[in-house]
Amino acid sequence: MMEKRKGASLVFAVLMAAAPDPRWAQMQAAVNSAQSAGDNAWMLVSAALVLMMTGPGLALFYGGLVRSKNVLGTMMQSFVLMAVVTVLWAAVGYSLAFGGGTPFFGNLQYIFLHGVGAAPNPDYSPVIPQQTFMIYQLMFAIITPALITGAFAERMKFSAMLLFMTLWALIVYFPMAHMVWGKGGLLNAFLGGKVPCLDFAGGTVVHVTSGVSALVAALYLGKRKGYPSESMRPHNLVLSFIGACMLWVGWFGFNAGSALSASSLATSAFVATQFGAAAATLGWVLAEWLRTGKPSVLGAISGAVAGLVAITPASGFVGPMPALVIGFLAGIVCYFMVTTVKRTFRYDDSLDAFGVHGAGGTLGALLTGVFATSAVNGGLKDAAGSPVALGLVDGHPMQVLYQFTGVAIAWLLAICGTLAVLKICDLALGVRVEPEHENIGLDVSLHGEEAYDFEGSAS
Amino acid sequence: MKKIEAIIQPFKLDEVKDALLGSGIDGMTVTEVRGHGRQKGHKEVYRGLEYQVDLLPKVKIEMVVDDDRVEDVIRTVTRAARTGKIGDGKVFVYEVAEAIRIRNEDRGEAAIG
């Protein structure tokens, strides 16, 4: 997940040994400080980019796909999570995810952000303040539950959604983030995990957990009234288009930012992200064009998102050509998931959170085990200090098995955790809105507002 | 007095309106409507879900004219609105019982002139 920048320091160490002049020490301190400023600048920008993915990116993407009577309710779900998860993160979330502790969840060493300040945490990134790392990781914790909202769009109670997301973050997200990225986490390849799983930017942590939980939620809540016989056409694909473009741009912060420094590894992840998204766009459009005779805008933007999802776990481990392959496969597989598979099994994953994030995340996580190479990411070293082989292409087929284990654990945690949380919410509040509220739409019935007032604007 | 109601293709609105103004008609009401006659709708596909869209966008023009102008207006509208394909629309003619100008309460033909 990270790359320690030793090259420059090494040069200075050698020079200092040759010429023990106090000015060398000053110069090294100045260079380190400049590098750290560069790293910190990039990470703060990345954090802002990832937040922009949720609001307005995902809110627009999802908002355009629902009917006009539910657009505000849908956008509100994403937006309110920006607030809820932030408060939760400050209280316990960061500590449960990134504190030390068991292989499954963190301890309370950072409760209320105790001790999280300007000093770097060398376990995660030695070059940026821990506070930067903390705020960057928060943005991932925000978008992950927001992705789930696509599955139960147009029919979940707002109150139940708030309780669901709070409990879901505690039971599913924080433990999963700890297992994959936290110190001593079960699946953390870089910090002593028993099952060394490679997940650069959140294929399992973000996309498998949210996508699989989405499917569970869609099945638990049941179909929308009238689905699929009544028309539930997207009410404004222009909104979705703008949202998808913002997701694409924001994803550079998501993936390249996961290098946790302004390093060449960040560049590599940036490049892989672009190639994955591009190939997946073409894959989806091609599949759709051959199947229905028309290449749709919704298909193109859905393909781009599918590719971005699939390249996420691989982005810091693969070169541009494997990125094209992963993206192209994701475009085709996710198209197949949201059309044929969804129709065959007749579930109402309304905005295809499972078909795109669950399927794309699973595919990407598995293919990471195939294409990951130490030529791109030499961060994992053996006892002698040389980079170890990563994926199948490096001659390490076991990695595919580790990836499979990581994916299986993410699926299991998502299914069990989401079912338990839904049951609690259902008993406490009831998860589904009243039928008449569903007819009227969530905007008026839950929020007392309407998105579009054409009559008012004419007078 | 007769009311003439023409339902036409939306893209023909400007042509029909200009022809009517050219023929001396100076009042009309235009509404965007949806509907269909013999013309078939079209199919839309969103992530594999197919929707048959039967009601197509049309434009409705309403005018009230003196009896002796009716044939002239019908001719003007049909010529301007025609493409020769199914979906060009229809013209309906109704009797009008009374017309009142709100500003000064003129009645009958004085109100529509």
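**A helix pair in chain A**

Guide: On the side of helix H11 of chain A, the residues that meet helix H12 are Thr362(A), Ala365(A), Leu366(A), Thr368(A), Gly369(A) and Val370(A); their counterparts in H12(A) are Gln399(A), Val400(A), Tyr402(A), Gln403(A), Phe404(A), Gly406(A) and Val407(A). Contact here requires C-beta atoms, placed from the backbone, within 7 Å; helices (H or I, at least four residues) and strands (E, at least two) are DSSP runs, numbered from the N terminus. The model is predicted: local features need pLDDT of at least 70 and side-chain atom pairs 80 or more, while totals for chains, interfaces and linings use all residues. Residues are numbered from 1 along each chain as its sequence is written, with chains lettered from A and ligands numbered from 1 in the order written.

H11(A) covers residues 353–371 and H12(A) covers residues 398–428. Their axes (lines fitted to C-alpha atoms over the stretch in contact, with angles from 0 to 180 degrees between N-to-C directions) come within 7 Å and cross at roughly 160°. The two helices are therefore roughly antiparallel to each other (over 145 degrees; under 35 is roughly parallel, 65 to 115 roughly perpendicular, the rest oblique). By class, the contact of H11(A) with H12(A) has 7 nonpolar, 6 polar and no charged residues (Ala, Val, Leu, Ile, Met, Phe, Trp, Tyr, Cys and Pro are nonpolar, Asp, Glu, Lys and Arg charged, the others, Gly among them, polar).

A second pair in chain A may be set beside this one. Helix H3 (residues 71–98) packs against helix H5 (residues 158–181) of chain A at an angle of about 45°, and the axes of H3(A) and H5(A) are 10 Å apart. That angle makes H3(A) oblique to H5(A). From H3(A), the residues involved are Gln77(A), Leu81(A), Val84(A), Val85(A), Leu88(A), Gly93(A), Leu96(A) and Ala97(A). They meet Met161(A), Leu162(A), Met165(A), Thr166(A), Ala169(A), Phe174(A), Ala177(A) and His178(A) in H5(A). This contact of H3(A) with H5(A) divides into 12 nonpolar and 4 polar residues, with no charged ones.

The peptide bond from Gly55(A) to Pro56(A) is cis, with omega near 5°, and Pro56(A) is placed in helix H2 (residues 22–65) of chain A. Another cis peptide bond joins Tyr227(A) and Pro228(A), where omega is about 0°; Pro228(A) belongs to the loop between helix H6 (203–221) and helix H7 (237–255) of chain A. Leu113(A), although not a glycine, has a positive phi of about 60°. Glu154(A) lies in the loop between H4 and H5 of chain A and is buried, with 23 other C-beta atoms within 10 Å.

S2(B) and strand S5 (residues 56–65) of chain B pair over 7 bridges, with Thr29(B) opposite Glu62(B) in S5(B). S1(B) and S5(B) also pair over 7 bridges in the antiparallel sense; there Ile4(B) stands opposite Met63(B). On S6(B), which 7 bridges join to S1(B), Phe92(B) stands opposite Glu5(B).

In the loop between S5 and H2 of chain B is Asp67(B), which counts as exposed with 11 C-beta neighbours inside 10 Å. Not counting residues up to four places away in sequence, Asp67(B) touches Met1(B) and Lys2(B). The C-alpha atoms of Asp67(B) and Glu95(B) are separated by 9.3 Å, although the two residues are 28 residues apart along the chain.

Conventions
Two strands pair if DSSP finds at least two bridges between them. A residue is buried if 20 or more other C-beta atoms lie within 10 Å of its own, exposed if 12 or fewer, and partly exposed in between; C-beta atoms are placed from the backbone. Two residues are in contact if their C-beta atoms, placed from the backbone, lie within 7 Å.
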